[in-house]
Amino acid sequence: DDSLRISSGTALYIMDNDSRLPWPPQESPTEPLASLSVPAEYLRQAFREVSYAASLDGGPPRIQHCYLEIGPTFSLLTATDTHRLAHRQLVGEWEGSASGIIPSCAIEAVKATRETGDSTAHLSADRARFEGADWSVDSRLIPERYPKYAEVLPTTPPAATVILDRHALLAALRRIAVLEPS
């Protein structure tokens, strides 16, 4: 037998000289409950925007997870790094209704794709699949409930809108940060 078997918990990987075996082994796909079709660059940009907005601590943008909701009349992308919340509505063609928490490794893999054509996000009860013409990312969903973030979002528009230069504001905040004891 010229195969190598690696097992960990419930996972079993088999490396074999036989090229007919899929690598990595694929689980049987579950029927998608919802799908969202958008241009690939639009999906990458949406992930970049929410990951950047949720990670403004000076380091590289790293989010803990992302919540994708595909509904009958809307699609939303929400991300958090446990301290900040970023929220973006997605415009595209969708069908069905589902939601799930997508792990950061799947988000980083989608952000790393380079294709410019159309892409589709599929959500099933326990899996997410993002695919384009030449790539696909398949991931399990995180089996937890996402916080009720809608309760912290304002429902009425603000009384006043202030437009500030981001660089000037950050410079001012850095100057006063030295006064705050850690």
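The model is predicted, so local features need pLDDT of at least 70 and side-chain atom pairs pLDDT 80 or more, while totals for chains, interfaces and linings use all residues. Residues are numbered from 1 along each chain as its sequence is written, and side-chain values use heavy atoms, without hydrogens and water.

His122 lies in strand S9 (residues 118-123); helices (H or I, at least four residues) and strands (E, at least two) are DSSP runs, numbered from the N terminus. His122 counts as buried because its relative accessibility is 19%. The classes are buried under 20% relative accessible area, exposed over 50%, and partly exposed in between (1.4 Å probe, protein chains only). The side chains of His122 and Glu131 make a polar contact at 2.9 Å. Such a contact is a pair of N or O atoms within 3.5 Å; within protein, one must be able to donate a hydrogen and the other to accept it, and residues adjacent in sequence count only if both atoms are side-chain atoms.

Gln45 sits in helix H1 (residues 40-53). Its relative accessibility is 31%, so Gln45 counts as partly exposed. Gln45 and Lys111 are 66 residues apart along the chain, with their C-alpha atoms separated by 7.8 Å.

Leu164 belongs to the loop between strand S11 (136-140) and helix H3 (166-177). With 55% relative accessibility, Leu164 counts as exposed.
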